[in-house]
Amino acid sequence: MKEYMTAIHSMEEFQEAAAKGGVSVFTFSANWCPDCRFIEPFMPKLVEAFSDYTFYYVDRDENIDICQALMVMGIPSFVAYKDGKESGRFVSKLRKTEKEINDFLAAQK
């Protein structure tokens, strides 16, 4: 997913990205996570379908401080910001389907 999303490497980068206008979607993931690998085949299609959003990749292991600050305990998880304010979250340890992620993204408009 890192290939088609902007990677976040620090709390400062996260805060800057979250403060931007429009819709920003932060995808929390990790290389070792089987449920994160499950969503990889269809995520490019969703990123393309919601091309008016900005998508960011947050590696859970590299950014545990961001995960703790946002109370993101399970992955994959999604947190959306709209015009600098959190507008929604799809955070759980459960596997997510393409339809569930699509519905979450559609609700952020």
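## Charged and aromatic contacts

A negative surface patch consists of Glu12, Glu13, Glu16 and Asp65. Patch residues have over 30% relative accessible area and no salt bridge, like charges being joined within 9 Å; Asp and Glu count as negative. This is a predicted model, in which local features need pLDDT of at least 70 and side-chain atom pairs count only at pLDDT 80 or more. Residues are numbered from 1 along each chain, and side-chain values use heavy atoms, without hydrogens and water.

Helix α1 (residues 11–18) gives the most to the negative patch, with three residues; helices are DSSP runs (H or I, at least four residues). Glutamate 16 sits in helix α1 and is exposed at 57% relative accessibility. Exposed means over 50% relative accessible area, buried under 20%, and partly exposed in between (1.4 Å probe, protein chains only).

The salt bridges (a side-chain nitrogen of Lys or Arg within 4 Å of a carboxyl oxygen of Asp or Glu) number seven. Among them are these:

| Pair | Closest N to O |
|---|---|
| Aspartate 35 – arginine 95 | 2.9 Å |

Aspartate 35 is buried at 17%, while arginine 95 is partly exposed at 44%.

There are ten aromatic pairs, defined by ring centres within 6.5 Å; planes under 30 degrees apart are stacked, over 60 edge-to-face and the rest tilted. Phenylalanine 38 and phenylalanine 42 form an edge-to-face pair, because their ring centres are 6.1 Å apart and their planes at 80 degrees.

Key:
Patches are made of residues with over 30% relative accessible area and no salt bridge: like charges are joined within 9 Å, nonpolar side chains (Val, Leu, Ile, Met, Phe, Trp, Tyr) within 5 Å. Accessible areas come from the Shrake-Rupley method with a 1.4 Å probe; for residues, only the protein chains shown count as cover. The place of a charge is taken as NZ of Lys, CZ of Arg, CG of Asp or CD of Glu. Helices (H or I, at least four residues) and strands (E, at least two) are DSSP runs, numbered from the N terminus. Rings of Phe, Tyr and Trp (its six-membered ring) pair if their centres lie within 6.5 Å; planes under 30 degrees apart count as stacked, over 60 as edge-to-face and the rest as tilted.
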